[in-house]
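Q: I'm new to this one and would like a guided look at it. Could you take me through a few places, starting with a loop?

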Amino acid sequence: METYNTIFHRAAHRHGGEDALRDKLKNQGHASDPKTDDRWLSEFTKRAFQAGFNWQVIENKWEGFEAAFWGFDIERCARIDMDDMEALTSDTRIVRNPVKIKTVAPNADMIRKMAGEAGSADAFIRGWPSEDFIGLLDYLQKNGSHLGANTASYALRFSGVPSFILSKDVTAALIHAGVVDKPATSKSAKRAVQEAMNGWVNESGENLSVVSRVLALSIDG
């Protein structure tokens, strides 16, 4: 398996040198202010709607989403019923995709359970050990709705939680490094990715987000 140093220098060579690369890596995975439970539901909902869709369209309509979903109040969103669904699927302030609208209630319920266990969803998520990030992704996929693949990873990354994202470029870099021989979809492959990431974090002193970004930048996209 390649060392982090080898991967870093390959990325630096492709992106104008070490200083230029480090400039690209600024603020990767730096902890943000804690999110309230409603902000976590907003974040998960935004990433779920953006998956497979034009991100900017969702971003442009987000004020409407906030209004339509009652500011993502957890208790209210957890009670979405058929009358609410009828209203939401007719609401022009949002993207009227019924499958994705239906993610809001179960994700609100998951956040409520997180808060019951750790005091808040934020404490639950940020308290999860980064060396088992794959376990957090598994939890979100099993207990949430439409939080599989890279959707949860993007939500976590944009919330300042150190994260790796198994994008096309990161996957190519992992294959190049000898960690996996194809996209990591099996439990054993995901565990191999986690172990490699942990090794590179320990070697570099960087967080998962930085390591993931360096991997992506080490490959010609």
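Q: Where is F72 found?
A: F72 sits in the loop between helix 5 and helix 6, where a helix is a DSSP run of H or I with at least four residues, strands are E runs of at least two, and both are numbered from the N terminus. Before going on, note that this is a predicted model, in which local features need pLDDT of at least 70, side-chain atom pairs count only at pLDDT 80 or more, and totals for chains, interfaces and linings use all residues. Residues are numbered from 1 along each chain as its sequence is written, and side-chain values use heavy atoms, with hydrogens and water left out.

Q: Ok, and is F72 buried or exposed?
A: F72 counts as buried because its relative accessibility is 0%; buried means under 20% relative accessible area, exposed over 50%, and partly exposed in between, using a 1.4 Å probe and protein chains only.

Q: What about the phi of F72?
A: F72 has a positive phi of about 55° although it is not a glycine. Most residues other than glycine have a negative phi. W70, which lies in the loop between helix 5 (62-68) and helix 6 (74-78), also has a positive phi, near 55°, and W70 is partly exposed at 31% relative accessibility.

Q: Which residues does R39 touch?
A: Not counting residues up to four places away in sequence, R39 is in contact (heavy atoms within 4.5 Å) with E66, G71 and F72. R39 belongs to helix 3 and is partly exposed, with a relative accessible area of 28%. Its side chain also joins that of D38 in a polar contact of 2.9 Å, meaning a pair of N or O atoms within 3.5 Å; within protein, one must be able to donate a hydrogen and the other to accept it, and residues adjacent in sequence count only if both atoms are side-chain atoms.

Q: Changing topic, where does Q194 lie, and is it buried or exposed?
A: Q194 lies in helix 14 (residues 187-204), and at 0% relative accessibility Q194 counts as buried.

Q: So what does the side chain of Q194 reach?
A: The side chain of Q194 comes to 3.4 Å from the backbone oxygen of S130, and one of its polar atoms lies 2.9 Å from the backbone nitrogen of F133. Leaving aside neighbours within four places in sequence, the contacts of Q194 include E131, D132, I134 and F164.

Q: Back to helices: at what angle do helix 1 and helix 14 pack?
A: Helix 1 (residues 4-14) and helix 14 pack at about 80°, with their axes 9 Å apart; axes are lines fitted to C-alpha atoms, for helices over the stretch in contact, and angles run from 0 to 180 degrees between N-to-C directions. That makes helix 1 roughly perpendicular to helix 14, since angles of 65 to 115 degrees count as roughly perpendicular, under 35 as roughly parallel, over 145 as roughly antiparallel and the rest as oblique.

Q: Which residues meet there?
A: Y4, N5 and I7 in helix 1 meet W200, E203 and S204 in helix 14. Apart from residues up to four places away in sequence, W200 touches others too, among them M1, L174, V211 and L215.

Q: Which residues of helix 11 are buried?
A: The buried residues of helix 11 are F133, I134, G135, L136, L137, Y139 and L140, and they pack against helix 3 (37-50), helix 9, helix 10 (121-126), helix 12 (151-158), helix 14 and helix 15.
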